[in-house]
Amino acid sequence: MAGAASSSSLVSTGFLLNHNKNCRYPQFPKKKATTLTLSSSKSHNNKIFLHNHKHHILAINTITSATKLLRDSFLVVCTSVALSFSLFIGDIDSSALAFVITSTTPRKLQSDELATVRLFQENTPSVVYITNLAVRQDAFTLDVLEVPQGSGSGFVWDREGHVVTNYHVIRGASDLKVTLADQSTYDAKVVGFDQDKDVAVLLVDAPKDKLRPIPVGVSADLLVGQKVFAIGNPFGLDHTLTTGVISGLRREISSAATGRPIQDVIQTDAAINPGNSGGPLLDSTGSLIGINTAIYSPSGASSGVGFSIPVDTVSGIVDQLVRFGKVTRPILGIKFAPDQSVEQLGVSGVLVLDAPANGPAGKAGLQPTKRDAYGRLILGDIITSVNGKKVSNGSDLYRALDQCKVGEQVTVEVLRGDHKEKIPVTLEPKADES
């Protein structure tokens, strides 16, 4: 054909499915494929040549049939797969199905774990971090600086901004900083403290919406073995949770400041480390049952024996400190010898070393230890009982006085020389508390 070299040709093979002689699909007639040729010449006359028209229609019909066959086969396969999957899902029980549905959550927790997580999340906003700052003078520049000398924990008592902690956490501080759960920090001032029971109350000027008071429980009905939770800031690691059980009740420890015994202390195996002091001890309902205050450990770290001041003792002290700024506790007004010295004498009781004349014991006539004109030691009175309760050592004396009130008259039995006497004494508050 003239001009064939310059013409453009469009060739349609109609999907050559019969290329392989062994193919299982229908074979096309072995003739030339349908050809549509579009040519242009200098005379601008366009002609379309259509060859093998009948075979072209037959190929199209065959392709359509094959396409329908493939489509029907695909639908059958999809239906089979869907039916098999539905039968498989039907065999899964409801609990397993629930697990599959909820697998989008970060982690599936047991009920006791969920309770612990919820307790921590609800009570963490009530726990604060306390920094004890002290004034130090630089040895070279002589500049006066405030440097941290210790830290501890505490908890919000009410929406007025009162924070409760241990006295030994704030002892010797020139300035105090309280950091809340949202990391906001406020200056704190001391409302009052009780050295004998190692309790102190601070006041922070923070917005009320940031203060979440901790729920206060009771400690009178606690049982050995029940779960407890301690929240604090051990080694400066803020808001740390440790768990354990009550290991013992009615323990007795000595105040770090005065040596006076603290009765009815809770013993727990929940890890309590330096920095946990002043933090709350909670029961499984999230209620406060004690203040973490001390550990028994040769190394200074947790050894599984921690002690908490019971909340029943703390509540009375905090109420007095908030209302009056001090705790009024009765005293005899004496100084007594160490228990070991009395034991060496072979007697049982509290040896009076000094009884100032203006104190309760001095006014009542108790005799102190003194020396005669020749320098010989004359022992003073040895207290053996208070209001009929036997006194064998200093702890027994403190325990007896804790059950008395200021202004109350008690009967003190003493061993004077080789005979016993009963002396009435009117108890008075400490001189710095009057």
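Modeller: Happy to! The protein has eight helices and 25 strands, and please keep in mind that this is a predicted model. Of its 434 residues, 35% are buried. Among contacts with a separation of 6 or more, 58% join residues 24 or more positions apart. The accessible surface comes to about 25,500 Å², and carbon and sulfur atoms hold 56% of that.

In soluble globular proteins, nonpolar side chains tend to be buried together. Here the largest nonpolar core has 24 residues, and the members that touch the most others are Phe 155, Val 164, Leu 282, Leu 288 and Val 318. Several elements give at least two residues each to this core: strands E9 (199–204), E10 (227–232), E12 (261–268), E14 (288–295) and E15 (306–310), together with helix H5 (311–324). The largest share, five residues, comes from H5.

Leaving out residues up to four places away in sequence, Phe 155 touches, among others, Val 127, Val 128, Val 163, Val 164, Ile 214, Leu 288 and Ile 291. The neighbours of Phe 155 also include Ser 126, His 162, Gly 278, Gly 279 and Pro 280. There is a second, separate core too, with 20 residues, including Val 391, Ala 400, Leu 401 and Val 410.

Let's turn to H5 itself. This helix has 14 residues and reaches 20 Å from its first C-alpha to its last, close to the 20 Å expected at 1.5 Å a residue. The buried residues of H5 are Val 311, Val 314, Ser 315, Ile 317, Val 318 and Leu 321. Just after the helix, Gly 325 takes a positive phi of about 80 degrees.

Most residues other than glycine have a negative phi. Asp 198 is not a glycine, yet it has a positive phi of about 60 degrees. You will find Asp 198 in the loop between E8 and E9, and it counts as buried because its relative accessible area is 5%, under the 20% cut-off. Asn 387 has a positive phi as well, of about 55 degrees, and is not a glycine either. Asn 387 lies in the loop between strand E21 (382–386) and strand E22 (389–390). With a relative accessibility of 38%, Asn 387 counts as partly exposed.

Pro 125 sits in the loop between helix H3 (111–123) and strand E4 (127–137), and is partly exposed at 23% relative accessibility. Pro 125 and Leu 180 are 55 residues apart in sequence, but their C-alpha atoms are 7.2 Å apart in space. Beyond residues up to four places away in sequence, Pro 125 touches Ala 181 and Arg 212.

Leu 345 belongs to the loop between helix H6 (339–344) and strand E18 (350–354), and its 44% relative accessibility makes it partly exposed.

Conventions
Residues are numbered from 1 along each chain as its sequence is written. This is a predicted model: local features need pLDDT of at least 70, side-chain atom pairs count only at pLDDT 80 or more; totals for chains, interfaces and linings use all residues. Side-chain values use heavy atoms; hydrogens and water are left out. A nonpolar core is a set of buried Ala, Val, Leu, Ile, Met, Phe, Trp, Tyr and Cys residues joined through side-chain atoms within 4.5 Å. Buried means under 20% relative accessible area, exposed over 50%, partly exposed in between (1.4 Å probe, protein chains only). Helices (H or I, at least four residues) and strands (E, at least two) are DSSP runs, numbered from the N terminus. Contact means heavy atoms within 4.5 Å. The expected span of a helix is 1.5 Å times one less than its number of residues. Accessible areas come from the Shrake-Rupley method with a 1.4 Å probe; for residues, only the protein chains shown count as cover.
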